[in-house]
Amino acid sequence: MTRLSINGIEVDLEQGTTLLEAAQHLGIEIPTLCFHPGLSAYGACRLCVVELGDGRLVSACTYPVQEGLRVRTHSPRVLRARRMLIELLLSICPSSKRIQDLAAEHQVERVRFSVRDERCILCGLCVRMCAEQMMAHAIGFVNRGYRRRITTPFDLTSDVCRRCGGCLYICPVCELRCQGPEAPSVVCGSCVTPAPTCPPVYGDLACYMGAAGECGTCVREPPPDPRSSDLRRRRESV
Amino acid sequence: MKIRTLEQLRALAEELRAARDHRPCVRVCGGTGCRARGSEEVLARFKTLLQETGLAEAVDVKFTGCHGLCERGPLVSLAPQEVFYQGVEADDVRAIVTETLARGTVIERLLAQDPVTGKHARREQEIPFYRRQHRLVLRFNGILDPTDIREYIAVGGYQALGTALTHLTPEEVIEIIERSGLRGRGGAGFPTGKKWRMARAAPGSRKYVICNGDEGDPGAFMDRSVLEGNPHSVIEGMIIGAYAIGAAQGIIYVREEYPLAVRTLEIALAQARDYGFLGEEIFDSAFSFDIEIVRGAGAFVAGEETALIAAVEGRVSEPRQRPPYPVHRGVWGYPTVINNVETWANVPLIIERGPEWFASLGTATSKGTKIFSLVGKVMNTGLVEIPMGMTLRELIEEIGGGAPPPREIKAVQIGGPSGGCLPKALFDLPIDYESLTEAGAMMGSGGLIVMDDRTCMVDVARYFMDFLRDESCGKCLPCREGTNRMYELLTAICEGRATESDLELLEELAHVVKETSLCGLGQTAPNPVLTTLRYFRPEYEAHIRERRCPAGVCKALIRYVINAERCTGCLACLQPCPQQAISGQLKQPHVISEERCIKCGICYEVCQFGAVEIV
């Protein structure tokens with residue numbers, strides 16, 4: 001057993017436990033985006049950063065518990081860092097309800113960067129889902145740095161993709177599109193959406209087969225336009 | 001021929017030295033810099049001319065590793081005359097053969113000249129560039145032929161290995177390295193002995209040693225020069241390290257962009273195997289070890305050790321969280337020691353001369369010497385090796401020779417793109433790990449870019465951020481998006497579009513990227529921004545508040561005008577202007593049309609009278 005303290009609470013945990021699991025064990029909530037309990041930890045979104053006793057900020061999802069570690073999950077430095085990370089996320093993915101919700105929770109009220117809607121935060125959940133759960137390895141990252149993106153090998157229709165939809169299922173930003181009344185570049189404040197607004201089709205969601213042409217799986221009845229439905233009236237009344 | 005005992009090796013060294021010492025020798029620099037300046041042709045000309053004159057049998061001609069003074073290449077040194085020629089062209093070779101080699105006359109025009117006294121320096125040690133250096137790791141660069149292991153053996157090579165394998169236990173080797181105070185030369189300065197001890201103690205059925213030759217900083221060529229010039233010192237260091245931690249396999253990770261280094265290493269490894277320094281039962285001990293080369297596809301991030309491990313395993317070079325550290329879980333999950341090229345090259349030296357001798361060099365916490373590649377706006381660019389603790393001023397002004405007049409040095413970027421820009425006011429800072437980190441820069445692997453007063457610090461920060469946003473692997477958000485956004489903000493400042501709040505945002509973002517990034521690349525990426533903000537904030541403010549670039553670099557904020565009083569009307573600037581933006585008559589002051597001018601600066605360069613001004 002390894003003894004450490006999280007936010008001043010002493011706890012004994014088994015070796016190999018991560019700080020995120022440790023915090024969850026204590027009922028402390030740490031925001032995550034690229035983490036999923038069914039997939040390997042990746043440590044890319046950095047939202048789960050926590051402060052260690054020596055002042056370092058490390059990602060809780062990948063950091064193993066260590067004897068005598070002192071961890072603060074919500075120190076002022078951690079919160080400041082998380083707010084900046086959310087602002088960066090919003091600036092590349094303003095239409096994501098998940099990110100808008102995070103922004104609301106963390107009192108991020110403005111985006112000071114120029115907004116470009118990329119509809120992908122490169123968290124890699126879909127890549128890991130495809131590789132680790134579906135054993136398909138149909139999609140992966142290409143390029144590096146600011147040119148990084150997710151696609152099939154050589155942007156060609158993948159032979160190994162089984163059209164299972166696992167990548168869409170697990171995506172934290174394309175599953176629920178924020179349909180706030182304002183333009184997507186504006187932070188909608190707090191998402192008080194009364195009901196899920198995303199149509200139950202894949203329609204215009206991020207499709208990784210896109211560059212290779214449509215695979216056809218997602219073609220179904222055209223969805224009702226949510227904007228014209230009574231959803232909008234309901235939202236406006238809220 | 002396999003070497004079995006230390007005595008046999010010593011006898012061979014003695015024999016080789018005796019055969020070698022009396023022969024005249026022409027050493028042509030075969031470093032990449034000199035080759036680019038035509039040293040291959042110089043070498044070929046020497047060979048044909050010596051054939052013609054019948055001296056081929058009596059004189060050795062060879063390529064050596066980098067001499068260091070790349071600025072003045074191609075370099076040629078002659079032994080035993082001890083003459084050091086620079087800027088040698090193929091046409092000079094006949095004169096060297098007929099005068100210096102045949103008659104011993106020194107050709108003055110090929111010697112280095114002191115810019116102040118005008119005196120010619122005949123020997124390497126008389127040149128200020130070399131006089132202040134302390135060449136240990138580089139001591140055989142410029143002397144040995146890197147493709148011939150016998151030359152390395154002749155100067156005592158592999159004797160440290162023999163001593164370690166036959167007289168020392170692995171623990172004793174680790175203790176010697178610990179006592180020497182050697183710290184990693186790759187940047188962070190982790191104590192090498194401690195790293196080895198951890199790897200030795202780590203449980204694992206197999207262990208690995210890796211040489212990190214992924215040198216990717218713009219303007220850095222330290223590791224390349226060592227690999228090209230003296231590969232055996234690195235190989236010997238690795239074998240000693242492998243013996244110390246109990247590894248049977250070594251890997252040299254070197255960039256594919258260094259074809260000469262790869263070729264030299266391949267030759268060196270094959271020769272080391274022939275002589276039994278690699279393979280089964282080295283020096284008749286129970287220790288067996290071999291090294292393979294892994295060529296990297298040239299990603300800057302692959303120099304980060306966990307990313308390097310991924311690359312060696314054949315995966316995309318992306319870093320992962322540490323712990324577990326590579327000494328516990330490295331290549332294929334086995335304990336692995338990763339050290340930089342220069343670190344490995346120091347190891348045989350420490351075994352040979354003892355840890356006390358090594359610890360006597362340098363400062364209290366930084367021992368030994370450090371190689372820097374000195375580039376930018378200095379007179380003597382090239383490869384230098386200095387004792388730790390030398391001040392930046394000594395390095396830049398005495399060895400580097402200062403800026404070419406009339407310019408003045410303004411700052412130096414130390415530690416590569418993730419290092420920091422230090423202003424002239426800090427030039428009395430001693431070069432050691434702690435002082436540099438405290439000043440906001442870092443030792444880095446040894447890139448040193450000198451900047452003069454015509455360098456805009458905002459533009460410099462922007463340049464490095466452009467490099468880093470491209471070289472970030474893109475795995476973690478703060479590094480990928482943060483460097484990209486910092487680049488955007490810096491571009492806005494350079495173009496005069498930024499506000500005070502952008503400056504605040506830039507600083508805030510830089511701190512978050514530094515704190516939250518996954519690996520060393522992202523954690524140090526904001527350093528150019530943070531140090532320029534710390535030491536050159538007025539320059540940022542001038543760009544924002546006055547829409548002015550004090551150094552006259554940022555195109556959106558400057559104008560070229562002709563000072564009518566200075567202009568002699570020589571027409572020299574009219575023709576080269578690509579826009580035909582300059583008009584004027586002979587002996588009448590010229591005028592630049594602001595509408596047409598694209599601010600290329602050609603007129604500024606060609607004007608002999610300083611009449612073109614940047615406002």
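A residue is buried if 20 or more other C-beta atoms, placed from the backbone, lie within 10 Å of its own, exposed if 12 or fewer do, and partly exposed in between. The structure is a predicted model in which local features need pLDDT of at least 70 and side-chain atom pairs count only at pLDDT 80 or more, while totals for chains, interfaces and linings use all residues. Residues are numbered from 1 along each chain as its sequence is written, and chains are lettered from A and ligands numbered from 1 in the order in which they are written.

**Exercise 1.** Describe the make-up of chain A.

*Solution.* Begin with burial: of the 238 residues in chain A, 35% are buried. Next, take the elements, where helices (H or I, at least four residues) and strands (E, at least two) are DSSP runs numbered from the N terminus. Chain A holds six helices and seven strands, in the order β-β-α-β-β-β-α-α-α-β-β-α-α from the N terminus on.

**Exercise 2.** Determine how many residues of chain A and of chain B are in contact, and which elements of chain A take part.

*Solution.* Two residues are in contact if their C-beta atoms, placed from the backbone, lie within 7 Å. By this criterion, 24 residues of chain A meet 26 residues of chain B. On the side of chain A that touches chain B, β4 (57-59) and α2 (76-92) each supply at least two residues. The largest share, six residues, comes from α2(A). For the classes, Ala, Val, Leu, Ile, Met, Phe, Trp, Tyr, Cys and Pro count as nonpolar, Asp, Glu, Lys and Arg as charged, and the others, Gly among them, as polar. This side of chain A then divides into 15 nonpolar, five polar and four charged residues.

**Exercise 3.** Characterise the packing of helices α19 and α20 of chain B.

*Solution.* Axes are lines fitted to C-alpha atoms, for helices over the stretch in contact, and angles run from 0 to 180 degrees between N-to-C directions. Helix α19 (residues 477-494) and helix α20 (residues 500-516) of chain B have axes 10 Å apart and pack at an angle of about 155°. Therefore α19(B) is roughly antiparallel to α20(B), a term for angles over 145 degrees. The contact includes B:Met486 and B:Leu489 of α19(B) and B:Leu505 and B:Leu509 of α20(B). By class, this contact has twelve nonpolar, three polar and two charged residues.

Terms used: Parallel < 35°, antiparallel > 145°, perpendicular 65-115°, else oblique.
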